[in-house]
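Take a look at the model below. The report that follows goes through a few of its features in turn.

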There are 2 protein chains.
Amino acid sequence: MNPHKPYHHGNLRADLLQAAVRLIAEVGPTAFTLREVARRAGVSHNAPYRHFQDRDDLLGAVAGEGFRQLNEAMVTAAAQESRSQDRLKVAGTAYVAFALRRPEHFAVMFDAPAPNGEDHGHQEAGKQAFDTLLSLVRACQDEGSLPEGSSADFALLAWTMVHGIAKLATTGRLPYRSNAEILKFARFVIDQSLPRPSQGGQGDRTPR
Amino acid sequence: MNPHKPYHHGNLRADLLQAAVRLIAEVGPTAFTLREVARRAGVSHNAPYRHFQDRDDLLGAVAGEGFRQLNEAMVTAAAQESRSQDRLKVAGTAYVAFALRRPEHFAVMFDAPAPNGEDHGHQEAGKQAFDTLLSLVRACQDEGSLPEGSSADFALLAWTMVHGIAKLATTGRLPYRSNAEILKFARFVIDQSLPRPSQGGQGDRTPR
DNA sequence: GCCCAATGTGGGCAGTGTCCACATCTATAC
DNA sequence: GTATAGATGTGGACACTGCCCACATTGGGC
């Protein structure tokens, strides 16, 4: 039952997951193929079925891995700031930056409808990433840099904001050419939407 | 050359498009199949190739049709308000409402990367929808209910906002069960992000 | 009325996801 | 130390897909 104990191949499950993540980064979720993953892992086209129910199940595991990495990126970014509002801002920027760095992986995480049943910690990992955001919002409210009220609603607001940017950017809908410009726009949106701590708002109003 | 003149079947192209839109609504973009579209149109599995280059080309045409409908929904909604800011707000809400009404169609429009070349007015229609948003923003700036500055940047801000809500909602990531709740949340986000015309903000602060 | 190009058809090919029966291995009970 | 049972990997098969080819049919311009 222990998935970490190698049997024949030696941790095939982990190898398959890694191969899947790489393949998706190369060809995207649509061209992603179970058989190609098996080929890259050096096993027969049927071996993956011993570790994943079907194609969607593998993709779900890939998504879960993505949520874990996304969460880590946000936590790491937030840890480098001291004021709560700055922590929230850089976490949001990190969200967008992650999407720009791994656009195909990001698509796998969010294009498919959220699963209902057990899914290799897919929704578990997603929930944890949201909790990270939630606690950042709560800290802002404690600090007074965000109005009182439902923390969940403000966290959702922040989420929809960065998610909208990330999705439009990764599908090439924003009129910016470089990632730097996109991140600048992300900061603009975030600044624009968060009430500023000092009233003398002199920060950059528009990007570019 | 005129695509509206029927040859054998009688406007097969339009029939195929219609069948494709319906099929996508039923089974989603992934399970969408060229051959099934042909079956529903009552032609051989090869007939679609006389009207569309390949599968992606058909999906592109479906997306273009979606953009046209989305644009119409926003224009219609905006026309029912008089104050510019209200027009912008209801247009945003209409954007989310469209996504909720046709989630699969919406996915086809935005999940695939934006095409580069000619694409049956895909990008043309998308551009027009954005222009609708842009002129609403400009009207708000003229009215004084939105700060001066780059209209394009504010329009992009508004777009990312409603797009984030729409995408998270249609993939089941928001903790709301009914569409009414989601639309209420959308209004909350929009109100929260737009500077209010009168300073005595007494509007609903949090949804639900 | 004839002809050519536009349109539709059937067959075929390589590739896919998934099922099945079978082979192989390893942990564990004796 | 070995037999055995269950976990793991394999090869074959089936229905299906997107797309290519050669061919059939059709209708409008000469």
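## A bent helix

This is a predicted model. H1(B) bends by about 90° at B:Ala25. A proline, B:Pro29, follows within four residues.

Helix H1 of chain B covers residues 12-31, which is 20 residues. At 1.5 Å a residue, a straight helix would reach 28 Å. Here the end C-alpha atoms are only 22 Å apart.

H1(B) has several buried residues. They are B:Leu12, B:Leu16, B:Leu17, B:Ala19, B:Ala20, B:Val21, B:Leu23 and B:Ile24. Their cover includes three other helices of chain B: H2 (34-41), H3 (55-79) and H5 (103-111).

## A pair of helices

Now turn to H7 (residues 151-170) and H8 (residues 179-193) of chain B. Their axes come within 10 Å and cross at roughly 155°. Angles over 145 degrees count as roughly antiparallel, so that is how H7(B) and H8(B) are arranged. The crossing is right-handed.

Which residues meet here? From H7(B) come B:Met161, B:Val162, B:Ile165 and B:Ala169. From H8(B) come B:Ile182, B:Ala186, B:Val189, B:Ile190 and B:Ser193.

## Chain A as a whole

Chain A has eight helices and zero strands. Along the sequence, its pattern reads α-α-α-α-α-α-α-α. Of its 208 residues, 43% are buried.

Contacts in chain A also span the sequence. Take those between residues at least 6 apart: 64% of them join residues at least 24 apart.

Technical notes: Residues are numbered from 1 along each chain as its sequence is written. Chains are lettered from A and ligands numbered from 1 in the order in which they are written. This is a predicted model: local features need pLDDT of at least 70, side-chain atom pairs count only at pLDDT 80 or more; totals for chains, interfaces and linings use all residues. Helices (H or I, at least four residues) and strands (E, at least two) are DSSP runs, numbered from the N terminus. The expected span of a helix is 1.5 Å times one less than its number of residues. The bend at a residue is the angle between axes fitted to the seven residues ending there and the seven starting there. A residue is buried if 20 or more other C-beta atoms lie within 10 Å of its own, exposed if 12 or fewer, and partly exposed in between; C-beta atoms are placed from the backbone. Two residues are in contact if their C-beta atoms, placed from the backbone, lie within 7 Å. Axes are lines fitted to C-alpha atoms, for helices over the stretch in contact, and angles run from 0 to 180 degrees between N-to-C directions. Angles under 35 degrees count as roughly parallel, over 145 as roughly antiparallel, 65 to 115 as roughly perpendicular and the rest as oblique. A crossing is left-handed if the near helix is turned anticlockwise from the far one by less than a right angle, and right-handed if clockwise.
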